[in-house]
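Welcome, and please get your viewer ready. We will hop from one selection to the next and say what is found at each stop.

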Amino acid sequence: MSNVVVLAEVTDGQVSKPTLELLTLARRIGTPVAVVFGQAGEAAAKLGEYGAETVYEATDESLEKYLVAPKVDALLTAVALAEPVAVLLSSGLDNKEVAGRLAVKLETGLITDAVDIDADGGTVQSVFAGNWKVQANTNTGLPIVTVKPNSLAPEPQAAAGTVEPLEFELDESFRQASVTASEEKKASSRPELTEAAIVVSGGRGTGGDFSEVEALADALGAAVGASRAAVDSGWYPHSYQVGQTGKTVSPQLYIANGISGAIQHRAGMQTSKAIVAVNKDDEAPIFELTDLGIVGDLHKVLPAVVEGVKAKRA
(Lines give C-alpha, C1' and ligand atoms only; values in the text may rest on other atoms or scores of the structure.)
Protein backbone atom coordinates (compact mmCIF):
# COMPACT_ATOMS: atom_id res chain seq x y z
CA MET A 1 0.00 0.00 0.00
CA SER A 2 0.99 3.64 -0.42
CA ASN A 3 2.48 5.49 2.54
CA VAL A 4 0.78 8.25 4.53
CA VAL A 5 3.02 10.55 6.59
CA VAL A 6 1.59 11.37 10.03
CA LEU A 7 3.09 14.04 12.28
CA ALA A 8 3.05 12.41 15.73
CA GLU A 9 2.75 14.46 18.92
CA VAL A 10 4.77 12.89 21.73
CA THR A 11 5.21 14.41 25.20
CA ASP A 12 7.37 12.73 27.84
CA GLY A 13 7.16 9.47 25.93
CA GLN A 14 3.35 9.58 25.72
CA VAL A 15 1.55 9.66 22.37
CA SER A 16 -1.36 12.09 22.20
CA LYS A 17 -4.87 10.80 21.49
CA PRO A 18 -5.20 13.02 18.37
CA THR A 19 -2.11 11.27 16.96
CA LEU A 20 -3.76 7.87 17.44
CA GLU A 21 -6.80 9.25 15.61
CA LEU A 22 -4.57 10.34 12.72
CA LEU A 23 -3.01 6.89 12.49
CA THR A 24 -6.49 5.34 12.39
CA LEU A 25 -7.51 7.67 9.55
CA ALA A 26 -4.21 7.15 7.71
CA ARG A 27 -4.78 3.39 7.57
CA ARG A 28 -7.88 3.97 5.44
CA ILE A 29 -5.77 5.27 2.57
CA GLY A 30 -2.39 3.66 3.07
CA THR A 31 0.37 2.60 5.44
CA PRO A 32 1.10 5.13 8.22
CA VAL A 33 4.63 6.48 8.54
CA ALA A 34 4.99 8.51 11.74
CA VAL A 35 7.36 11.45 12.22
CA VAL A 36 8.42 12.26 15.79
CA PHE A 37 10.25 15.45 16.74
CA GLY A 38 12.69 14.31 19.44
CA GLN A 39 13.45 10.85 20.79
CA ALA A 40 10.69 8.37 20.02
CA GLY A 41 11.62 6.10 22.94
CA GLU A 42 8.75 4.06 24.31
CA ALA A 43 6.34 6.01 22.10
CA ALA A 44 7.50 3.97 19.10
CA ALA A 45 5.77 0.87 20.45
CA LYS A 46 2.50 2.79 20.88
CA LEU A 47 2.74 4.23 17.38
CA GLY A 48 3.35 0.74 16.03
CA GLU A 49 0.37 -0.56 18.00
CA TYR A 50 -1.85 1.85 16.04
CA GLY A 51 -0.46 1.06 12.61
CA ALA A 52 2.80 2.98 12.10
CA GLU A 53 5.05 0.74 10.02
CA THR A 54 7.96 3.16 10.27
CA VAL A 55 8.73 5.83 12.87
CA TYR A 56 11.06 8.59 11.68
CA GLU A 57 12.90 10.14 14.63
CA ALA A 58 14.08 13.73 14.10
CA THR A 59 16.39 14.82 16.92
CA ASP A 60 18.19 17.81 15.39
CA GLU A 61 18.69 20.63 17.94
CA SER A 62 17.21 23.14 15.49
CA LEU A 63 13.75 21.76 16.29
CA GLU A 64 14.02 23.33 19.75
CA LYS A 65 16.18 26.31 18.85
CA TYR A 66 14.06 27.78 16.07
CA LEU A 67 10.35 28.25 15.46
CA VAL A 68 8.26 26.05 13.13
CA ALA A 69 10.60 26.21 10.12
CA PRO A 70 12.76 23.17 11.09
CA LYS A 71 9.61 21.08 11.43
CA VAL A 72 8.72 21.94 7.85
CA ASP A 73 12.18 20.93 6.61
CA ALA A 74 11.99 17.68 8.59
CA LEU A 75 8.64 16.83 7.03
CA LEU A 76 9.97 17.69 3.58
CA THR A 77 12.68 15.08 4.10
CA ALA A 78 10.14 12.55 5.38
CA VAL A 79 8.00 13.16 2.29
CA ALA A 80 10.99 12.62 0.02
CA LEU A 81 11.82 9.33 1.77
CA ALA A 82 8.31 7.91 2.14
CA GLU A 83 6.81 9.20 -1.12
CA PRO A 84 3.36 9.36 0.53
CA VAL A 85 -0.09 9.89 -0.95
CA ALA A 86 -0.98 12.32 1.86
CA VAL A 87 0.41 14.10 4.93
CA LEU A 88 -1.77 14.31 8.06
CA LEU A 89 -1.36 16.63 11.04
CA SER A 90 -3.57 17.36 14.04
CA SER A 91 -5.20 20.79 13.81
CA GLY A 92 -3.58 23.34 16.09
CA LEU A 93 -1.94 26.75 15.79
CA ASP A 94 1.60 25.49 15.18
CA ASN A 95 0.56 22.54 13.04
CA LYS A 96 -1.59 24.70 10.78
CA GLU A 97 1.40 26.95 10.17
CA VAL A 98 3.60 23.92 9.51
CA ALA A 99 0.99 22.53 7.10
CA GLY A 100 0.69 25.85 5.28
CA ARG A 101 4.44 26.26 4.87
CA LEU A 102 4.78 22.64 3.76
CA ALA A 103 2.04 23.05 1.14
CA VAL A 104 3.77 26.15 -0.24
CA LYS A 105 7.14 24.39 -0.47
CA LEU A 106 5.61 21.35 -2.16
CA GLU A 107 3.33 23.52 -4.33
CA THR A 108 0.41 21.35 -3.35
CA GLY A 109 -3.10 21.51 -1.91
CA LEU A 110 -3.99 22.14 1.75
CA ILE A 111 -7.15 21.26 3.69
CA THR A 112 -7.53 22.38 7.31
CA ASP A 113 -9.84 21.25 10.11
CA ALA A 114 -11.06 18.06 8.43
CA VAL A 115 -13.26 15.79 10.57
CA ASP A 116 -13.11 12.68 8.40
CA ILE A 117 -11.17 11.10 5.54
CA ASP A 118 -12.48 8.40 3.20
CA ALA A 119 -10.62 5.56 1.50
CA ASP A 120 -10.06 7.66 -1.63
CA GLY A 121 -8.41 10.43 0.34
CA GLY A 122 -11.41 12.75 0.18
CA THR A 123 -12.07 14.78 3.32
CA VAL A 124 -15.10 16.03 5.23
CA GLN A 125 -15.13 19.42 6.94
CA SER A 126 -17.59 20.73 9.50
CA VAL A 127 -18.51 24.33 8.65
CA PHE A 128 -20.80 27.12 9.84
CA ALA A 129 -20.28 26.21 13.50
CA GLY A 130 -20.95 22.53 12.88
CA ASN A 131 -24.30 23.00 11.14
CA TRP A 132 -23.09 21.72 7.77
CA LYS A 133 -20.64 19.12 6.54
CA VAL A 134 -18.90 19.54 3.19
CA GLN A 135 -16.69 17.27 1.11
CA ALA A 136 -13.33 18.69 0.11
CA ASN A 137 -10.53 17.42 -2.09
CA THR A 138 -7.26 18.88 -3.30
CA ASN A 139 -6.70 18.97 -7.04
CA THR A 140 -3.01 19.80 -7.01
CA GLY A 141 -0.21 17.51 -5.92
CA LEU A 142 0.16 15.82 -2.54
CA PRO A 143 -2.74 16.56 -0.12
CA ILE A 144 -1.70 18.16 3.19
CA VAL A 145 -4.54 17.73 5.70
CA THR A 146 -4.97 18.93 9.28
CA VAL A 147 -7.61 17.02 11.25
CA LYS A 148 -9.60 18.28 14.24
CA PRO A 149 -8.98 16.32 17.46
CA ASN A 150 -11.78 14.07 18.70
CA SER A 151 -13.04 13.42 15.18
CA LEU A 152 -13.19 9.65 15.69
CA ALA A 153 -12.33 6.90 18.15
CA PRO A 154 -8.76 5.55 17.71
CA GLU A 155 -8.56 1.89 16.74
CA PRO A 156 -5.38 -0.19 17.19
CA GLN A 157 -3.89 -2.31 14.42
CA ALA A 158 -0.44 -3.69 15.05
CA ALA A 159 2.46 -2.81 12.76
CA ALA A 160 6.24 -2.93 13.01
CA GLY A 161 6.88 0.57 14.40
CA THR A 162 10.49 0.40 13.19
CA VAL A 163 12.47 3.47 14.31
CA GLU A 164 14.69 5.15 11.73
CA PRO A 165 16.70 8.38 12.15
CA LEU A 166 15.54 11.38 10.13
CA GLU A 167 18.34 13.73 9.16
CA PHE A 168 17.49 16.97 7.42
CA GLU A 169 19.02 20.32 6.50
CA LEU A 170 17.58 23.57 7.79
CA ASP A 171 17.08 26.37 5.29
CA GLU A 172 19.65 29.00 6.34
CA SER A 173 17.15 31.85 5.97
CA PHE A 174 15.24 30.55 8.99
CA ARG A 175 18.23 30.92 11.32
CA GLN A 176 17.53 34.65 11.53
CA ALA A 177 14.83 34.09 14.18
CA SER A 178 15.49 31.79 17.11
CA VAL A 179 13.94 30.88 20.46
CA THR A 180 15.86 32.76 23.17
CA ALA A 181 13.90 31.56 26.21
CA SER A 182 11.14 29.15 27.09
CA GLU A 183 9.08 28.32 30.14
CA GLU A 184 7.91 24.85 31.10
CA LYS A 185 4.17 24.38 31.25
CA LYS A 186 3.05 24.06 34.84
CA ALA A 187 2.30 20.47 35.81
CA SER A 188 -1.34 19.65 36.42
CA SER A 189 -3.09 16.59 37.76
CA ARG A 190 -6.02 17.27 35.43
CA PRO A 191 -6.21 15.50 32.05
CA GLU A 192 -5.54 17.30 28.77
CA LEU A 193 -8.67 19.13 27.62
CA THR A 194 -8.96 17.51 24.19
CA GLU A 195 -8.35 14.01 25.58
CA ALA A 196 -10.45 14.07 28.77
CA ALA A 197 -13.38 11.70 29.29
CA ILE A 198 -15.14 14.39 31.35
CA VAL A 199 -14.97 18.16 30.79
CA VAL A 200 -16.37 20.76 33.21
CA SER A 201 -16.62 24.21 31.64
CA GLY A 202 -17.48 27.66 32.93
CA GLY A 203 -18.80 30.73 31.19
CA ARG A 204 -20.06 34.23 31.78
CA GLY A 205 -22.30 32.97 34.59
CA THR A 206 -19.28 32.24 36.78
CA GLY A 207 -18.72 35.97 37.15
CA GLY A 208 -15.01 35.25 36.88
CA ASP A 209 -14.94 32.84 39.82
CA PHE A 210 -13.97 29.41 38.50
CA SER A 211 -13.36 27.88 41.93
CA GLU A 212 -16.59 25.84 41.91
CA VAL A 213 -15.95 24.70 38.32
CA GLU A 214 -12.42 23.59 39.24
CA ALA A 215 -13.63 21.88 42.41
CA LEU A 216 -16.16 19.81 40.45
CA ALA A 217 -13.55 18.98 37.81
CA ASP A 218 -11.14 17.74 40.49
CA ALA A 219 -13.86 15.70 42.19
CA LEU A 220 -14.67 13.97 38.89
CA GLY A 221 -11.10 13.69 37.59
CA ALA A 222 -12.10 15.97 34.72
CA ALA A 223 -10.52 18.67 32.58
CA VAL A 224 -11.54 22.33 32.90
CA GLY A 225 -12.85 24.28 29.91
CA ALA A 226 -14.07 27.82 29.37
CA SER A 227 -16.37 29.67 27.01
CA ARG A 228 -15.18 32.45 24.73
CA ALA A 229 -16.93 35.03 26.93
CA ALA A 230 -14.94 33.86 29.97
CA VAL A 231 -11.67 33.84 28.03
CA ASP A 232 -12.28 37.26 26.44
CA SER A 233 -12.99 38.66 29.92
CA GLY A 234 -9.58 37.45 31.07
CA TRP A 235 -11.04 35.02 33.59
CA TYR A 236 -9.35 31.94 32.14
CA PRO A 237 -6.46 31.32 29.69
CA HIS A 238 -7.22 31.01 25.99
CA SER A 239 -5.71 27.52 25.88
CA TYR A 240 -8.79 26.29 27.80
CA GLN A 241 -11.36 27.78 25.43
CA VAL A 242 -13.91 25.36 23.99
CA GLY A 243 -15.58 26.45 20.77
CA GLN A 244 -15.21 27.30 17.13
CA THR A 245 -12.18 29.52 17.75
CA GLY A 246 -10.89 27.36 20.60
CA LYS A 247 -10.61 23.61 21.07
CA THR A 248 -13.01 20.89 19.99
CA VAL A 249 -13.86 18.35 22.65
CA SER A 250 -15.93 15.18 22.49
CA PRO A 251 -15.89 13.66 25.98
CA GLN A 252 -18.17 11.06 27.46
CA LEU A 253 -19.61 13.79 29.70
CA TYR A 254 -19.63 17.57 29.19
CA ILE A 255 -20.86 19.83 32.00
CA ALA A 256 -21.55 23.44 30.98
CA ASN A 257 -21.87 25.91 33.84
CA GLY A 258 -23.10 29.45 33.30
CA ILE A 259 -22.73 29.04 29.54
CA SER A 260 -25.60 30.31 27.40
CA GLY A 261 -24.88 27.96 24.51
CA ALA A 262 -24.03 30.37 21.70
CA ILE A 263 -23.41 28.67 18.36
CA GLN A 264 -19.68 29.43 18.64
CA HIS A 265 -19.43 27.36 21.82
CA ARG A 266 -21.72 24.60 20.62
CA ALA A 267 -19.46 23.98 17.63
CA GLY A 268 -16.72 22.86 20.00
CA MET A 269 -18.67 20.47 22.24
CA GLN A 270 -21.92 19.34 20.64
CA THR A 271 -20.56 15.86 19.78
CA SER A 272 -20.12 15.05 23.48
CA LYS A 273 -21.78 11.75 24.40
CA ALA A 274 -23.76 13.25 27.30
CA ILE A 275 -24.29 16.94 28.07
CA VAL A 276 -25.33 18.50 31.38
CA ALA A 277 -25.95 22.23 31.81
CA VAL A 278 -26.41 24.48 34.83
CA ASN A 279 -27.82 27.93 34.07
CA LYS A 280 -30.09 30.44 35.81
CA ASP A 281 -31.86 31.25 32.52
CA ASP A 282 -34.37 28.50 31.73
CA GLU A 283 -34.48 29.71 28.11
CA ALA A 284 -30.72 29.48 27.54
CA PRO A 285 -29.97 27.86 24.13
CA ILE A 286 -27.63 25.35 25.81
CA PHE A 287 -30.68 23.47 27.14
CA GLU A 288 -31.57 22.52 23.55
CA LEU A 289 -28.54 20.19 23.57
CA THR A 290 -28.63 18.79 27.07
CA ASP A 291 -29.43 15.34 28.31
CA LEU A 292 -29.90 16.91 31.75
CA GLY A 293 -30.59 20.58 32.40
CA ILE A 294 -30.49 22.24 35.81
CA VAL A 295 -32.02 25.71 36.21
CA GLY A 296 -30.20 27.32 39.11
CA ASP A 297 -27.23 29.30 40.39
CA LEU A 298 -24.03 27.39 39.63
CA HIS A 299 -22.42 28.80 42.79
CA LYS A 300 -25.05 26.90 44.80
CA VAL A 301 -25.53 23.86 42.55
CA LEU A 302 -21.89 22.90 42.00
CA PRO A 303 -20.83 22.81 45.68
CA ALA A 304 -23.80 20.53 46.36
CA VAL A 305 -22.76 18.25 43.48
CA VAL A 306 -19.19 18.13 44.74
CA GLU A 307 -20.37 17.14 48.21
CA GLY A 308 -22.56 14.48 46.67
CA VAL A 309 -19.68 13.05 44.65
CA LYS A 310 -17.40 12.98 47.67
CA ALA A 311 -20.08 11.31 49.80
CA LYS A 312 -20.66 8.70 47.11
CA ARG A 313 -16.96 7.86 47.01
CA ALA A 314 -16.48 7.85 50.78
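Is E21 buried or exposed? Select E21: this residue is buried, at a relative accessible area of 3%. (Buried means under 20% relative accessible area, exposed over 50% and partly exposed in between, with a 1.4 Å probe and protein chains only.)

Before moving on, a word on what you are viewing. This is a predicted model, in which local features need pLDDT of at least 70 and side-chain atom pairs count only at pLDDT 80 or more, while totals for chains, interfaces and linings use all residues. Residues are numbered from 1 along each chain as its sequence is written, and side-chain values use heavy atoms, with hydrogens and water left out.

**Stop one: helix 1**

(A salt bridge is a side-chain nitrogen of Lys or Arg within 4 Å of a carboxyl oxygen of Asp or Glu.) Both residues belong to helix 1 (residues 17–29), where they sit 4 residues apart, about one turn of the helix. (Helices, H or I with at least four residues, and strands, E with at least two, are DSSP runs numbered from the N terminus.) K17 is partly exposed, with a relative accessible area of 25%.

**Stop two: strand 7**

Next, select D116 and R28. This salt bridge has its closest N and O atoms 2.5 Å apart. D116 lies in strand 7 (residues 110–117) and R28 in helix 1, so the pair ties together parts 88 residues apart in sequence. D116 is partly exposed at 30% relative accessibility, and R28 is partly exposed at 36%.

Stay with strand 7 and pick D113 together with K96. Their salt bridge brings the closest N and O atoms to 3.0 Å. K96 is in helix 5 (residues 93–106) and D113 in strand 7, 17 residues apart, so this pair also links distant parts of the chain. K96 is partly exposed, at a relative accessible area of 32%. In total, the structure holds 10 salt bridges.

**Stop three: a pocket**

Now select R204, G205, G258, I259 and S260. Of the 19 residues lining the second largest pocket, these lie nearest its centre. (On a 1 Å grid over the protein atoms alone, a pocket is an open set of points where a 1.4 Å probe fits, with protein on both sides within 12 Å along at least five of seven lines; lining residues have an atom within 4 Å of a point.) The lining divides into 5 nonpolar, 10 polar and 4 charged residues, with Gly counted among the polar ones.
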